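Visitor: Could you take me through this structure, starting with the overall layout and then a detail or two?

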Amino acid sequence: MPLFFSKFAPLVPRLRRLYTAAETAAGEDPKLSRIAEELLALSPAELDDYAALLRLKLHLSLTSSAAAGGASPAGAGDAAAGAEDAAVAVKTAFDVKIEKYEAAAKIKIIKEVRAVTDLGLKEAKELVEKAPVVVRTGLSKEEAEALAAKLKAAGAAVALE
């Protein structure tokens with residue numbers, strides 16, 4: 001799930017309630033109402049793109065969050081911090097990274113990398129030679145552990161991130 005949506009999804013209902021309350025309040029600012037309507041109409045992928053753009057415009061790190069001390073739009077600090085803590089507790093996507101490998105096992109490792117990715121021989125060789133390097137991203141825990149076991153059997157030092 002995209003970074004913004006996964007961290008700020010719990011805020012969408014609250015924003016909708018606040019927006020509805022703001023509509024009924026006297027002295028409504030039409031510019032802010034238009035912005036709120038457009039934000040609430042965005043899809044999760046568009047919300048993620050918007051979050052990345054906003055962070056770039058505000059000169060924030062792309063990985064900063066309210067829990068890490070970064071500024072959060074719409075004053076969503078406490079709710080965003082709670083959402084991030086829950087996300088950290090249960091990690092569902094893992095990356096498999098080759099830390100280093102034995103020179104004698106290089107060919108075996110290249111064969112394994114080719115088997116798990118759709119890379120050609122040259123691309124797989126270049127990837128392995130760039131170690132430490134991430135081979136696959138976004139895998140479930142079981143898939144990541146199985147891939148790590150295959151690469152370890154071939155002679156690579158592997159880390160799950």
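**Fold and a helix pair**

Guide: Read along the sequence, the chain runs α-α-α-α-α-β-α-α-β-α-β, with helices (H or I, at least four residues) and strands (E, at least two) taken as DSSP runs numbered from the N terminus. This is a predicted model, in which local features need pLDDT of at least 70 and side-chain atom pairs count only at pLDDT 80 or more, while totals for chains, interfaces and linings use all residues. Residues are numbered from 1 along each chain as its sequence is written, and side-chain values use heavy atoms, leaving out hydrogens and water.

Visitor: How many helices and strands are in the chain?

Guide: The chain has 8 helices and 3 strands.

Visitor: At what angle do the axes of H6 and H8 cross?

Guide: The axes of H6 (residues 106-116) and H8 (residues 141-154) cross at roughly 160° and come within 8 Å. H6 is therefore roughly antiparallel to H8 (angles over 145 degrees count as such).

Visitor: Which residues make the contact?

Guide: H6 contributes Lys108, Ile109, Glu112, Val113 and Val116, and H8 contributes Leu147, Lys150, Leu151 and Ala154; contact means heavy atoms within 4.5 Å. By class, 6 of these residues are nonpolar, none polar and 3 charged.

Visitor: Changing topic, is Thr117 buried or exposed?

Guide: Thr117 is buried, at a relative accessible area of 11% (buried means under 20%, exposed over 50%, with a 1.4 Å probe and protein chains only). Thr117 sits in the loop between H6 and H7 (121-129).

Visitor: And what does Thr117 touch?

Guide: Leaving aside residues up to four places away in sequence, Thr117 touches Val135 and Arg136. A polar atom of the Thr117 side chain also lies 2.6 Å from the backbone oxygen of Val113.

Note on methods
Axes fitted to C-alpha atoms, helices over the stretch in contact; angles between N-to-C directions. Parallel < 35°, antiparallel > 145°, perpendicular 65-115°, else oblique. Nonpolar A, V, L, I, M, F, W, Y, C, P; charged D, E, K, R; others polar. Polar contact = N/O pair within 3.5 Å; in protein donor to acceptor, adjacent residues only side chain to side chain.
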